[in-house]
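Hi,

Here is the structure I said I would pass on.

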Amino acid sequence: MAALNPVVPELHRLLERDPQLATFKQDFERRYTVFHRILKNVEDNEGGLDKFTRSYQTFGIHRFVDGGLYCKEWAPGAEAVFLTGDFNNWNPFSHPYKKMDFGKWELFIPPGPDGVNPVSHGSKLKVVIRSRSGEIFYRISPWARYVARVGTNVTYEWIHWEPPTPYKRKHPIPKRPKSLRIYESHVGIASPEGKVASYKNFTHNVLPKVKDLGYNCIQLMAIMEHAYYASFGYQVTSYFAASSRYGPPDDLKELIDVAHSMGIIVLLDVVHSHASKNSEDGLNKFDGTDSAFFHSGPRGTHSLWDSRLFDYANWEVLRFLLSNLRWWIEEYGFDGFRFDGVSSMLYHHHGIGVGFSGDYNEYFGMQVDEDALAYLMMSNHMIHLLHPECITIAEDVSGMPALACPVMEGGGGFDYRLAMAIPDKWIRLLKEFKDEEWNMGDIVFTLTNRRHGEKYVTYAESHDQALVGDKTLAFWLMDAEMYTYMSIISPLTPVIDRGIQLHKMIRLITHALGGEGYLNFMGNEFGHPEWLDFPRRGNNESYHYARRQFHLANDQLLRYRFLNAFDRDMNKLEERCGWLASPQAYVSEKHESNKVIAFERANLLFIFNFHPSQSFTDYRMGVQIPGKYKIALDSDAPEYGGHNRLDHNTEFFTQEFSHNHRDNSVLQPNSQSESEGQFRGQQQKHHLEVYIPSRVAIVLENMDIAK
């Protein structure tokens, strides 16, 4: 019985942090049991986790030392399986596979004369499936390493990829960063030109920008091959193939290698939550049935995404998906993953028509797909066991407790989870409220409302907000005036001024208060105009909105450069001071009428005045650490498009006067003073007083500690 129901080794730690989860102790134990059973079966029946997750070395097509080929597929619904292609003049039945146990099929092709590979590099192949009803299907191997659209063909072709001189890595893998600053990127749109950009373009033109901006991580979207470009990469057709529309596989390997040389790690946006319904060039109906990799019937289809849903309880699906993760790490050098669509995986209802209120009962019980959850636990266990330097991030909108806690605690095992409520809060504020109606307490609550013991990646906006049908923060703030008033030669209108100032403030407070990692979608750092829309029938296949106009940030006559410079210096300050790797901030001020928020983190004092018109002199600020403070970052500086209302030579000295629960406070002498009655919060021992202009963010650094 002990073997059937193993003890969750460190569950007590999770329950100590959150005693309310004790009610669901049995759920955590049951989930861990499912995970443990899979792990034990792998060890007992597959030669261990290391061998099981390297199945890409045996499935698909592989060359022996003597030049012969070994071919292996899993097609449980097939009556017969054959290999055809250029190598046998497309004879569909000349090379039959031998049927093995458990729905597997294998084929050995002897070498040609003098050990020549019978299937040459670059030649086309197909797996031929004869179904039990006698139908013949031509399929691409699920393990295919390279597929491409040839000529005017609509569907993708499987191309045997075995270059004579494959790319060899030149640079060591960077250490795992303590502070994660992510530049979310799409290779195909990473150019101002109206076309699909290349891996080479990203390597030579985008990586230096990312480095200069101070990001230490790139998250690459739409890498796993997808037949439909406008799907943004979320309708995957070939799981082991890097998208050929950007270039050959070696170009992606070079991109990652060069990023590593710059100290930048690279994450893959992995889509294991669903798959494309394509059958001719996808996984769907590979063996002629509607099951195999997926659930059969309605359970196997996502009604909103019109895609197929994996059967995570199936042994061969586990082999396929776990090996897929390891393939991207070991073959291409990726440093981890952002798992897409985790909410859909976690629940049988896939989140469709469900609004999560935060009630713990929503996260436990029959609605949870524990097979999918066990797969995620297996994924994280495998990744962290075999590649402990790798990072995993969960995209979960539901708020599933313990998703980013260790598997040994009964958690999902992710290193981070996305703070998905934060961008929605900013959009709602900009859409529905006047500036003077913004609630400071509500903003602080949204930015700090995260589970203790789980790390969050915070962001003001991602690719979701950039897509057609929504607006970026810059477009919500400045809209049509961005077309005519972003030049420094044109007048600084109130709309543009407000937009530039709030754009900086929103991003800094999100960066500093919202989590333990930070994410930005490419181009949004400088307020990229308009929206993102891929070529499709609805827009006459236009690339006009499927590009990033990086040149806007380099033009000295345009105001985009101010936002770009602020984003760079914000990241550089975090790199130096490390607030993302520091404990959660202490918020000492959230004043509703003054619209002021202040907090301390990483020996820095962050001050935000969101008031649209009112500035404050001698504003008393409580601080914990006494000493001399100076301005480290000022959104009002002229190089950031500000109004230069602060003297950066000013030194702020703390006074031993308690204010807002802090032992010290800071003083900058000014001619006017405001009554203590205007400030909320209990008294703290030390304080300082600061001049805070309207719509400004200021970061003060303790110079005694900085020394």
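I'll start with Ser582, which touches Arg601 and Ala602 once residues up to four places away in sequence are set aside. Keep in mind that this is a predicted model. You'll find Ser582 in the loop between α15 (560-577) and β22 (586-591). Its relative accessibility is 18%, so Ser582 counts as buried, the cut-off being under 20%. A polar atom of the Ser582 side chain also sits 2.9 Å from the backbone oxygen of Gly578.

The largest core has 187 residues, and Ile223, Trp328 and Trp426 touch the most other members. Helix α6 (residues 315-332) gives this core its largest share, ten residues. If you click on Ile223, look for its contacts beyond four places in sequence, among them Val187, Tyr199, Leu268, Trp328 and Phe334. There is also a second, separate core of 18 residues, including Val596, Ile607, Phe616 and Val623.

Now the charged pairs. Side chains of opposite charge can pair when their charged atoms come close. The whole structure has 45 salt bridges. One of them joins Arg30 and Glu370, with the closest N and O atoms 2.9 Å apart. Arg30 is in helix α2 (residues 25-45) and Glu370 in helix α8 (residues 370-386), so this pair ties together parts that are 340 residues apart in sequence. Arg30 is partly exposed at 37% relative accessible area, whereas Glu370 is buried at 14%.

Another salt bridge links Arg245 to Glu225, with 3.4 Å between the closest N and O atoms. Here the loop between β13 (238-242) and α5 (249-261) holds Arg245, while Glu225 is in strand β12 (residues 224-225), so the parts tied together are 20 residues apart in sequence. Glu225 is buried, with a relative accessible area of 0%.

Back in helix α6, Glu316 and Arg319 are three residues apart, about one turn of the helix. Their side chains meet in a salt bridge at 2.7 Å, N to O, and both residues are buried. There is a network of salt bridges too, linking Asp18, Asp396, Arg417, Arg451 and Glu454.

Finally, what is on the surface? Phe93, Ile136 and Tyr138 form a nonpolar patch there, with about 260 Å² of accessible area together. Tyr138 belongs to strand β7 (residues 136-139) and is partly exposed, at 37% relative accessibility.

Cheers

Methods
Residues numbered from 1 in each chain as written. Predicted model: local features only at pLDDT ≥ 70, side-chain atom pairs only at ≥ 80, totals over all residues. Heavy atoms only, no water. Patch = residues over 30% accessible without salt bridge, like charges linked within 9 Å, V, L, I, M, F, W, Y side chains within 5 Å. Areas by Shrake-Rupley, 256 points an atom, 1.4 Å probe, with all protein chains shown as cover. Salt bridge = Lys/Arg side-chain N within 4 Å of Asp/Glu carboxyl O. Helix = DSSP H or I, 4+ residues; strand = E, 2+ residues; numbered from the N terminus. Buried < 20%, exposed > 50% of the residue type's maximum accessible area, 1.4 Å probe, protein only. Core = buried A, V, L, I, M, F, W, Y, C linked by side-chain atoms within 4.5 Å. Contact = heavy atoms within 4.5 Å. Polar contact = N/O pair within 3.5 Å; in protein donor to acceptor, adjacent residues only side chain to side chain.
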